[in-house]
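Morning, everyone. Please have a look at the structure on the screen, and then I'll walk you through a few places in it.

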Amino acid sequence: MFEREPLVGTMSAQVARILGMRVVSGEFRPGDLLPIEPELCAAYGVSRTTIREAIKHLAGKRLLEVSPKIGTRVLPFTDWNLLDRDVLAWRLEAQFDRAIVQDIFEMRLCFEPRASQLAALHGTDEDLRQIGRRYTELANAGNDVRMAAQADLDFHLAIINASRNGMFITIGGAIKAALRVSSGMLHRHGSNPGEDLMYYSAVHEAIATRAVPAAGAAMTTLLTVSHARVLPLAVIGDPDVGAGRAGGLSE
């Protein structure tokens, strides 16, 4: 199983996670009003202060809007901060389906090939050595799914960081949860690790030799192959994705 993001421990953060999951899963739909404070306090066994902090947290992510006269309502999907780390992680955990896979890979195809070109063009020697180390870790992972998934994630993030594009680096950090899930699914269901590795090798070699157009083309091929592998799994449903549901609080 891929490594999950650690669960933050404060009570308000746990309540925010539960409510956030209920929103992104569709239990609370856009336009719906959340239960009033006393009901939420009773449901989760927490104080009004804790509920208010959780609501404020979710409002900051544009999932909720608080109006003194109306109450707390769920905002439209178009208002959500979809690149927020928590929102993305909750969506992946609540409902990992075809639409989310398409969204993830379409976004990745928009910027990772260009990031690869920029890494070949602007990456420092240390940047390229870091990409090489991540590639070696992936090559040495063999059939160890956890190691392969982590090395895959680190390989892509190293390339994004080597692009020296601040916006790309910010996006890479924001979608880390999505990259982790994609990598985990890909390597759990890999049919031929040696064959798959050649796509990573092509990306690594193109960047290492500063072959700018080839780097972008190689990354496009790698992401296209990965997309084709992961998409059917999302449609069928992967038992290791979405295993956690909005449940009770942990002390």
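Let's start with one proline. Proline 232 counts as partly exposed, because its relative accessibility is 40%. It is found in helix H11, which covers residues 212–236. Now look for arginine 98. Arginine 98 and proline 232 are 134 residues apart along the chain. Their C-alpha atoms are separated by 8.0 Å.

One caution before I go on: this is a predicted model.

Next, the interior. In soluble globular proteins, nonpolar side chains tend to be buried together. Here, the largest nonpolar core has 46 residues. Which residues have the most contacts inside it? They are Leu92, Ile131, Phe155, Ile159, Tyr200, Val203 and Ile207. Several helices each supply at least two residues of this core, including H4 (85–94), H5 (98–122), H6 (125–141) and H7 (145–162). H9 (176–188), H10 (193–208) and H11 also each supply at least two.

Pick out valine 203. Which residues does valine 203 touch, leaving out those up to four places away in sequence? The answer is Phe155, Ile159, Ala218, Met219 and Leu222.

Another core lies apart from the largest one.

Last stop, the cysteines. Is cysteine 41 buried or exposed? Cysteine 41 is buried, because its relative accessibility is 13%, and the cut-off for buried is under 20%. Cysteine 110 has a relative accessible area of 65%, so it is exposed.

Conventions: Residues are numbered from 1 along each chain as its sequence is written. This is a predicted model: local features need pLDDT of at least 70, side-chain atom pairs count only at pLDDT 80 or more; totals for chains, interfaces and linings use all residues. Side-chain values use heavy atoms; hydrogens and water are left out. Buried means under 20% relative accessible area, exposed over 50%, partly exposed in between (1.4 Å probe, protein chains only). Helices (H or I, at least four residues) and strands (E, at least two) are DSSP runs, numbered from the N terminus. A nonpolar core is a set of buried Ala, Val, Leu, Ile, Met, Phe, Trp, Tyr and Cys residues joined through side-chain atoms within 4.5 Å. Contact means heavy atoms within 4.5 Å.
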